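Me: I've got a structure open and I'd like to learn how to read it. Can you walk me through it step by step?

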Amino acid sequence: MTTSSGVCCGRCVSAAEANAAIRRLVAGRTVWTSEALAELDRLRAVWRAAVARELTRAA
């Protein structure tokens with residue numbers, strides 16, 4: 001499932017892709033709706049999971 005930020009559930013994206021999605025979401029934003037904050041939280045979780053996967057693979 002892909003969201004409006006263009007990132008799926010998290011297992012199929014790299015940390016760099018998740019980071020880019022976070023940057024797109026926050027770029028130029030001055031007002032944060034509850035929906036935008038929820039999406040930011042979700043993207044942060046996707047990013048953290050991707051970093052953990054990449055660190056595990058590297059170890």
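Me: Where do I start? How many helices and strands are there in the chain?

Reply: Start by counting the elements. This chain has two helices and zero strands. Keep in mind that you're looking at a predicted model.

Me: Okay, how do the axes of helix α1 and helix α2 cross?

Reply: For a pair of helices, look at the distance and the angle of their axes. Here α1 (residues 15–26) and α2 (residues 34–58) have axes that come within 8 Å and cross at roughly 160°. Angles over 145 degrees count as roughly antiparallel, so α1 is roughly antiparallel to α2. As for handedness, α1 passes α2 in a left-handed crossing.

Me: What kinds of residues make up the contact of α1 with α2, by class?

Reply: Sort them by class: there are 13 nonpolar, one polar and three charged residues. On the α1 side you'll find, among them, Ala-18, Asn-19 and Ile-22, while the α2 side includes Glu-39, Arg-44 and Trp-47.

Me: And which residues make up the largest nonpolar core?

Reply: For a core, look for buried nonpolar residues whose side chains join up. In this chain, the largest one has five residues: Ala-21, Ile-22, Leu-25, Leu-40 and Leu-43. Its largest share, three residues, comes from α1.

Me: Can we zoom in on one residue? What does Leu-40 touch, leaving out residues up to four places away in sequence?

Reply: Leu-40 touches Ile-22, Leu-25, Val-26 and Trp-32.

Me: Last one: what share of the chain's residues count as buried?

Reply: Of its 59 residues, 31% do.

Terms used
Residues numbered from 1 in each chain as written. Predicted model: local features only at pLDDT ≥ 70, side-chain atom pairs only at ≥ 80, totals over all residues. Heavy atoms only, no water. Axes fitted to C-alpha atoms, helices over the stretch in contact; angles between N-to-C directions. Helix = DSSP H or I, 4+ residues; strand = E, 2+ residues; numbered from the N terminus. Parallel < 35°, antiparallel > 145°, perpendicular 65-115°, else oblique. Left-handed = near helix turned anticlockwise from the far one by under 90°. Contact = heavy atoms within 4.5 Å. Nonpolar A, V, L, I, M, F, W, Y, C, P; charged D, E, K, R; others polar. Core = buried A, V, L, I, M, F, W, Y, C linked by side-chain atoms within 4.5 Å. Buried < 20%, exposed > 50% of the residue type's maximum accessible area, 1.4 Å probe, protein only.
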